[in-house]
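Subject: Structure handover

Hello,

Here is the structure, followed by notes on what was found in it. Please read the notes with the coordinates open.

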Amino acid sequence: TNNMAAAGADGDGPEMTPGYQAPKQVGISDLMKQDAEDESLRRYKEQLLGAAAQGANVSPADDPRRVVLQEFRIIFEDKPGNDTVYQLSNAADLQKLKTTPFILKEKCNYKIQITFRVQHEIVSGLKYLNTVYKKGIRVGKEELMIGSYGPQAEPHVVTFPRRDWEQAPSGMLARGSGTAKSKFVDDDGQTHLEFEYCFDLKKDWKD
């Protein structure tokens with residue numbers, strides 16, 4: 001992951017590329033009709049859309065959300081089998097994630113893994129934005145391009161960094177509590193999901 005030097009308008013938003021225009025949103029049925037004679041394109045669209053390409057209803061009518069976060073997991077390289085896991089099925093779970101810190105040992109290697117579902121319509125150019133704060137001061141901002149997803153019953157799992165590991169900082173100034181604000185934002189700049197989490201950076205796992 002890379003720290004982003006510039007901030008969006010609110011400090012937590014995505015970086016804007018000058019002159020870029022997001023593609024027009026197209027419904028699933030309309031998308032399947034386009035270039036129907038192109039066999040390779042048809043297969044690609046079916047791969048992107050899964051069961052929805054065949055007209056299957058994989059989205060609950062009583063839930064208008066397009067991106068649904070299911071799990072937030074922190075994976076530690078030197079603590080195999082000891083992932084920190086937050087199940088996120090309702091507002092109470094999101095509140096627990098916001099208020100219950102997980103422990104980071106300084107210099108430990110870790111990854112964050114997010115499990116989510118897409119429903120109703122295709123989400124294009126989905127980005128994950130993560131802004132970290134220490135004592136109310138922004139100390140880091142990351143932007144990860146996740147990709148485009150069609151609605152399907154099976155969840156998507158994204159781990160980042162995708163390669164290697166993130167290393168926790170060390171030293172007296174780095175130790176202590178921190179918070180982070182995360183967003184899923186698409187090509188149109190629409191925020192599909194926002195959540196917060198907190199952590200404690202310590203000298204050892206049991207400090």
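The side chains of Arg175 and Glu106 form a salt bridge, with N and O 3.1 Å apart; the term stands for a side-chain nitrogen of Lys or Arg within 4 Å of a carboxyl oxygen of Asp or Glu. This pair joins distant parts of the chain, since Arg175 is in the loop between β8 (166-167) and β9 (176-185) and Glu106 is in the loop between β3 and β4, 69 residues apart. Strands are DSSP runs (E, at least two residues), numbered from the N terminus. Arg175 is partly exposed at 29% relative accessibility, while Glu106 is buried at 16%. Buried means under 20% relative accessible area, exposed over 50%, and partly exposed in between, with a 1.4 Å probe and protein chains only.

Two notes on the basis of these values. This is a predicted model, in which local features need pLDDT of at least 70 and side-chain atom pairs count only at pLDDT 80 or more, while totals for chains, interfaces and linings use all residues. Residues are numbered from 1 along each chain as its sequence is written, and side-chain values use heavy atoms, with hydrogens and water left out.

Salt bridges

The whole structure holds six salt bridges. Another of them pairs Asp187 with Lys127 at 3.8 Å, N to O. Asp187 is in the loop between β9 and β10 and Lys127 is in strand β5, so this contact ties together parts 60 residues apart in sequence. Both Asp187 and Lys127 are buried. Arg73 also bridges to Glu71, with the closest N and O atoms 3.0 Å apart, and Glu71 is buried at 11% relative accessible area. A network of salt bridges links Glu71, Arg73 and Asp83.

Strands

Strand β1 (residues 67-76) has eight of its 10 residues buried, so the rest of the structure largely encloses it. It pairs in the antiparallel sense with β4 (residues 109-118) over nine bridges, where two strands count as paired if DSSP finds at least two bridges between them. Val68 has Arg117 as its bridge partner in β4. β1 also pairs with β2 (residues 84-87), again antiparallel, over four bridges; there Glu71 stands opposite Gln87.

An open sheet of five strands runs in the order β3-β10-β9-β5-β6, with mixed pairing. β3 (102-105) and β6 (137-149) are at the edges with a single partner strand each, so one side of each has no neighbour in the sheet. Within the sheet, β5 (residues 123-134) and β6 run antiparallel and are joined by 10 bridges. Leu126 stands opposite Gly147 in β6.

Aromatic rings

There are 11 aromatic pairs, counting rings of Phe, Tyr and Trp (its six-membered ring) with centres within 6.5 Å; planes under 30 degrees apart are stacked, over 60 edge-to-face, and the rest tilted. Phe72 and Tyr197 are tilted, because their planes stand at 40°, with ring centres 5.0 Å apart. Phe72 belongs to β1 and Tyr197 to β10 (residues 191-202), 125 residues apart. Phe102 and Tyr197 have centres 5.9 Å apart and planes at 25°, so that pair is stacked. Phe102 lies in β3, 95 residues from Tyr197, and both are buried. Ring pairs join a cluster that includes Phe72, Phe102, Tyr128 and Tyr197.

Finally, the charged end of Lys111 sits over the ring of Trp165, 4.8 Å from its centre; the rule is NZ of Lys or CZ of Arg within 6 Å of the ring centre and within 35 degrees of the ring normal.

Regards
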